[in-house]
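Subject: Structure handover

Hi,

Here is the structure I promised to pass on to you. Have a look at it first, and then read my notes below.

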Amino acid sequence: MLQQPQPPPQPQPETPKPQPVNAVITKGNLSYKVTKSDAKNGTVTVQKLTASGKKKKKITIPATVAKDGFTYKVTAIGEKAFHNNKKLENIIIGANVTKIGANSFNKCSKLKSIQFKSKKAPRIGKNAFKGIKSCKVYYPKKMNLKSLKSKMKGAGLKNAVYKKK
């Protein structure tokens, strides 16, 4: 009897792993830094605008961002992430953002509209909105307006009109 040659064993493909902490993920107009590496509960912080993002008038910070089959919650905006951006007019802040870093939107002099998607006002760092002359702030019905106003004023936004959305 002739023996059939056995095919060589196929190497097993590596199972994808979530991005490690401090890894940088670039998606669209934003660059993110991984703050928690986990297959189900990973988180990222918006670090900065990409080169193309710096030219945009409107930026949306999503609730989540995906990379290699893993989804990460966008939970924070890093310090100086949008600092001194002269083109930015509108920003939409995703539902999972719980912290806005110091000086994040400082000197974004053309910023006219800020929209929050979360139900709770995020923690806002020092001077995060300083240098913005006047602005409309849109917030969800369930967000505490008094808390939001207090945090925004403490972060340097003095002249704002608040509207439910």
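**Notes on the loops, rings and core**

Lys107 is found in the loop between S8 and S9. Helices and strands here are DSSP runs, numbered from the N terminus (helices are H or I with at least four residues, strands are E with at least two). This is a predicted model, in which local features need pLDDT of at least 70 and side-chain atom pairs count only at pLDDT 80 or more, while totals for chains, interfaces and linings use all residues. Residues are numbered from 1 along each chain as its sequence is written, and side-chain values use heavy atoms, with hydrogens and water left out.

Lys107 is partly exposed, with a relative accessible area of 44%; buried means under 20% relative accessible area, exposed over 50%, and partly exposed in between (1.4 Å probe, protein chains only). Its backbone deserves a look in your viewer: Lys107 has a positive phi of about 65° although it is not a glycine. Most residues other than glycine have a negative phi. Asp68 also has a positive phi, near 55°, and is not a glycine either. Asp68 sits in the loop between strand S5 (64-67) and S6, and it is partly exposed at 47% relative accessibility.

Now for the aromatic rings. How many aromatic pairs does a search of the whole structure find? The search finds two. Rings of Phe, Tyr and Trp (its six-membered ring) pair if their centres lie within 6.5 Å, and planes under 30 degrees apart count as stacked, over 60 as edge-to-face and the rest as tilted. Phe82 and Phe105 form a stacked pair, with 4.8 Å from centre to centre and 5° between the planes. This pair links distant parts of the chain, since Phe82 is in the loop between S6 and S7 and Phe105 in the loop between S8 and S9, 23 residues apart. Phe82 is buried, at 1% relative accessible area, and Phe105 is buried at 0%. Phe105 and Phe129 form a stacked pair as well, at 5.2 Å centre to centre and 5° between the planes. Phe129 lies in the loop between strand S10 (123-124) and S11 and Phe105 in the loop between S8 and S9, so this pair ties together parts that are 24 residues apart in sequence. Phe129 counts as buried, at 0% relative accessibility. Phe82, Phe105 and Phe129 together form one aromatic cluster.

In soluble globular proteins, nonpolar side chains tend to be buried together. Leaving aside neighbours within four places in sequence, Phe82 is in contact (heavy atoms within 4.5 Å) with residues including Leu30, Val46, Ile61, Leu88, Phe105 and Cys108.

His83 is found in the loop between S6 and S7 and is partly exposed, with a relative accessible area of 30%. Leaving aside neighbours within four places in sequence, His83 is in contact with Asn103, Ser104, Asn106 and Lys107. A polar atom of the His83 side chain lies 3.4 Å from the backbone oxygen of Asn106. Asn103, in the loop between strand S8 (99-100) and S9, is buried, with a relative accessible area of 18%.

One last item is a charge and a ring. The charged end of Lys165 sits over the ring of Tyr138, 4.9 Å from its centre; the test is that NZ of Lys or CZ of Arg is within 6 Å of the ring centre and within 35 degrees of the ring normal.

Best wishes

Definitions and conventions
Polar contact = N/O pair within 3.5 Å; in protein donor to acceptor, adjacent residues only side chain to side chain.
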